[in-house]
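Dear colleague,

I am passing on the structure below, together with my notes on it.

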Amino acid sequence: MNQTRITFLTVALSVGLLADALAIEPRQLVARRVTHAPRIDGILDDEAWREGAEKVQFTQFAPANGQQSEFQSTIQLVYTNKGIYIGAYLYDPQPDKILKEFGQRDDMDRNADYFGILLDTYNSGLNAFAFVVSAAGVQNDIYFTANDEDSAWDAVWSSAVTITDDGWIVEMEIPYFALRFPKQEVQTWGVNFYRNVKRKQEESFWNYVDNSIRGIVNQSGRLTGLENIKPPLRLALYPYASTIYNHDGNSGTGEFSVAGGMDVKYGINESYTLDVSLIPDFTQVQSDNIVYNITAYEVRFNENRQFFTEGTELFNKANLFYSRRVGQSFGKVSYDSERERVLSHPTGANLINAVKLSGRNKKGLGIGFFNGLTAKTFATVENTETGERRKVQVDPLTNFNMIVVDQNLKNNSNISFTNTNVIRDDGGRDANVAGLNVSLRDKKNNYQLTYSGSISTILENTGDGHTADNGYKYFIELARISGTWQYGINRNVESYNYNINDMGYLQAPNEVTHTGYLRYNILKPVGIINRMHTGINASYQRLHKPDVFSSLRTFLNVNTQFKNFWWMGFNFGGNPTDSYDYFEPRVWGYKFRQPENFNFNLWVESDSRKPLQVNFYTGQFHRPAWDQQFTWGGFFVRYRVNNKLSFNTEINYEQGFGRGYATRLYTTEGELQNIIFGHREMLTTTNILGLNYTFNNKMGFRLRLRHYWSKVRYEKFFELGTDGELHETAYNGLTTEGTPAHDANFNAINLDLVYFLQIAPGSFLNFVWKDAIQTFTNNTRPDYLENLRDCANAPQVNSISIRLTYFIDYVSLRNTLRAR
C-alpha cells in the first residue's frame, strides 16, 4: 500500500500563507538575458553559462525539515526572447551512488534523484508550473493550483542530464509557449528549485519550505531581471493517426479500422487556453478495474482518458463533475420481454467532439468551460419466434456543458461558481446543477472557513410537458488547517431528491451529517520517528427526510515513518451503536438495522529505495451480535533488477460473512410482496502482475495483468420487515431448475501491454495490445486453480492498436517556413 508519503507532488495539495508571513525573507535570483541560447546537451560549456554561480545549499523539506542539505548545488537561470534556460550543477561526493532508474515520462515513483524548478509566473503564491527531470533524464511536469496539483498536465520542453565525477548536471529549456505570464515590460515571478537525493530520502528546496505551513507555491523565492519578454502565440496541433484491430471471441468476429483526428491547443491570450479534441480516440487507455458489485451504490471508475485528466483542476473544484459520464450509456432497452431478447447492449456512447477552455489571469480570475457531444446508441433486439432483428435507440444525442468561474481572494481565499448542464435530444431527460463554493482563510493561514452549496434540477419529459424535481446540498466547515495540532467541525446536508448524477457522481443523497476531527502531526525527526500523523474523528448522521437517526461512527488512525524509512500505520473504528441503512433495501421507506460493529487495519511499507520492496496490510471487521467476521489482507512486492527492468506483483484477499439485499418478490398483480435479504459468504481476490522495461528515457514497454475473482454464496434467506429486522422466510433462493439463483462466480481478466516511443518533443508512437476475459456463473464450487482453468477456456476480446501522435508548434513551423 502506497500510504502517506510527503513528496514534491503530494505536499502541494493546497496553498496557504503568503511569503511575507514566513520567518525568513524569500531568496532572490536575478535572471540574465543572453543573446544566444545554450545548447541543451547536459554540458555547461556554452557562453550563456560562463559567468558561473556560487555554490549554495538547499534547505531540507524532509526528513529533517529546516536543516541545511549536506549537498551543494549551483543554479543559473538565463533567458532569451524564446524561453527560460536553467543550468544546474548538483554536487555529490559519491557520484557512483547517484540513483538513476529509468521510467516512463511523468513517472516519479522510480528510484532516481530528481531536480526541478517551480515557476509562479503571476507571483500570486497560488498557481505555478513545475518542471522536473531525473538523473536518468526522465521528464515530469506538474501544474500547481490553490488546493490541488495536476500531474496530468503536460508541456513540451527540453532537458538533458550528464553524470560527472563530482555530481550531475541538468540543463533545461522551457519555451514561453509552455507557460502563461502577464504582458508587462518588467516581471517578477515566484521561483523555487527542488532537489531529491533518493539514496538518503532527502528532499530539499532552494527557498525554505516549512512543512507545518500548507503549501509550496506560497513559500517560493523571487525571480527578477525578466524584462521585455512577451507571451507568444500559443497554438499547438496534435494530429494523430491510428490503426485498430478488434476481435470478439464471443461472436467470433474481427474488425479492422483506421482512425484519425487532432487535438488543438490555442492560447486565446496570455491567460486562457482553448483545448479541442476532434474525433477523439480512446482506444489505448488503460483497462478499467472491473468488479462484481452487490452494493446499493454505483461503482466509480478512474478516469484514464488524457483529455479528461489534463487541465481539469477548475472543473473538479466543486466536486460536481464526474468525467466518466461523458461517453456513458444511460438508457434502457425498450422491448417485449415475452417475445424478444436483447442480443447486444451499448457499453458506451461515442464522443463526437469535446472542447474545454481554462486558465487564470493576473488578477486571479479563473474561468473554465467544457462542452462534449456524444452520439446516439442502439441495442440489437431479436424476435424469439421469427428471428427478426431490429435496432432500438438506447441513448439520444447528448450534450454535456460545464462552466466554472473562480476568483482568488486575499489571504489565499477564493470564491467560485459552477454550473453543469446535460441536454438530451428526442425529448430525453435534462439536468442542471448550480453550485457556489467559498473558502476564507486568516492572514496567517491557520484557520479556514469553508462553505459550499448547490441546487440540482431534473427535467423529465412526461409527454404533456416537463416535470421539475429540485434538490439541494450545503456543506460548512470551520477548521484549523496548519500546525502540529489541526482540528475542525463540519455539517453536510443533502436533500432526499438532490441528484447530480447526470454529470457528477453521488453514491446516495438524503443525509444530514455532523463531523468533528482532531489531528496531531510530528513533522520533524524525533527519536526513531521521522514523521507521524495521527487523527481521530466522529460523525453523527441522520436522514434528511424523514428526520430519523442513521448512524454514529468513530475512527482513529496513526501513520508513522521511521528513521530507516519504513512506514507503519493502523486504524481502528466502527459503529458503537445500532445503525440503520436506508439504501441497502433498494426500496424507499424501508430500513435495515445493523448491530454495533468495529474494525481495524494494520499496514507496513518497506524502504522504497531497496531493490526489493514489500508492503503488507491486514484487517478485520466484526459484528458480534451476528457472529459476523470479515477478514482482508494483501501484499505488494516490487523487485528492481536494474535501472531498466523491474517486476511487481500485488495480491489482495477478502473473505467473510455478511447480510445484505438479495431480491424483491412481487404478487401476480405486480405489487411488492417481500424484500429478501440473505446471509452470504463472500470471497474476493485480486492479483496483479506488472513488468516495466525502459530502454532509455524515450522508449520502453510495460505490461499489466489483472485477475479479479469474486465468489458469493448464499446460505440462508430472510424477509426484511418494516421495522428493519430480518425475519424467517420460506424463500429458498432456487430457480425452477433447482439451482442457486443468487450465488455468483465472477471473473474479470485484463491484460494491457504498451510499447511507447517518444520520437520528438511532444510526439509519440504507441503500440497497445489489450486482452479481456469476463465470466459469470452461479457455480461457486470451483477452487482458485480450477476457476482459472475455466477462464482460460472462455472467449476473449482482443484489441491491437498502433497510434502516432505528432506535436506541431505553429510559431516554430511558421518561422521555419519563412526562413526558407
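Predicted model: local features only at pLDDT ≥ 70, side-chain atom pairs only at ≥ 80, totals over all residues.

Residues are numbered from 1 along each chain as its sequence is written, and side-chain values use heavy atoms, with hydrogens and water left out.

The protein chain holds three helices and 45 strands, where helices (H or I, at least four residues) and strands (E, at least two) are DSSP runs numbered from the N terminus. Its radius of gyration is 29 Å, close to the 28 Å that the globule rule gives for 820 residues, so the chain is as compact as a globular protein of that length; the radius is taken over C-alpha atoms, and the rule is 2.2 Å times the number of residues to the power 0.38. Along the principal axes, the C-alpha trace spans about 90 × 65 × 55 Å.

Of the 820 residues, 52% count as buried, a term that means under 20% relative accessible area, with exposed set at over 50% and partly exposed in between (1.4 Å probe, protein chains only). The chain exposes about 37400 Å², and carbon and sulfur atoms supply 54% of this area, which was computed by the Shrake-Rupley method with a 1.4 Å probe, only the protein chains shown counting as cover for residues. Among contacts (heavy atoms within 4.5 Å) between residues at least 6 apart in sequence, 63% join residues at least 24 apart. As for charge, there are 81 positive and 87 negative side chains, and the centres of the two sets lie 5 Å apart; Lys and Arg count as positive and Asp and Glu as negative, without His and the chain ends, and each charge is placed at NZ of Lys, CZ of Arg, CG of Asp or CD of Glu.

Turning to the strands, β31 (residues 549–562) and β32 (residues 567–575) pair in the antiparallel sense over eight bridges, pairing being assigned if DSSP finds at least two bridges between two strands. Within this pair, Asn559 stands opposite Gly569 in β32. The two strands form a hairpin with four residues between them, and Phe565, in the loop between β31 and β32, has a positive phi of about 65° although it is not a glycine. Phe565 counts as buried, at 10% relative accessibility. β32 also pairs in the antiparallel sense with β35 (residues 597–605), over nine bridges, and there the bridge partner of Trp567 is Glu605 in β35.

Some backbone details may deserve a look. The peptide bond from Lys545 to Pro546 is cis, with omega near -5°, and Pro546 is found in the loop between β30 (529–542) and β31. A cis bond also runs from Ala62 to Pro63, with omega near 5°, Pro63 being in the loop between β3 (56–62) and β4 (68–79). Asn319, in the loop between α1 (306–309) and β18 (340–344), has a positive phi near 60°.

Lastly, Thr780 lies in the loop between β43 (763–777) and α2 (784–792). Thr780 is buried, with a relative accessible area of 12%, and, not counting residues up to four places away in sequence, it touches Lys711, Val712, Arg713, Asp743, Ala744 and Asn745.
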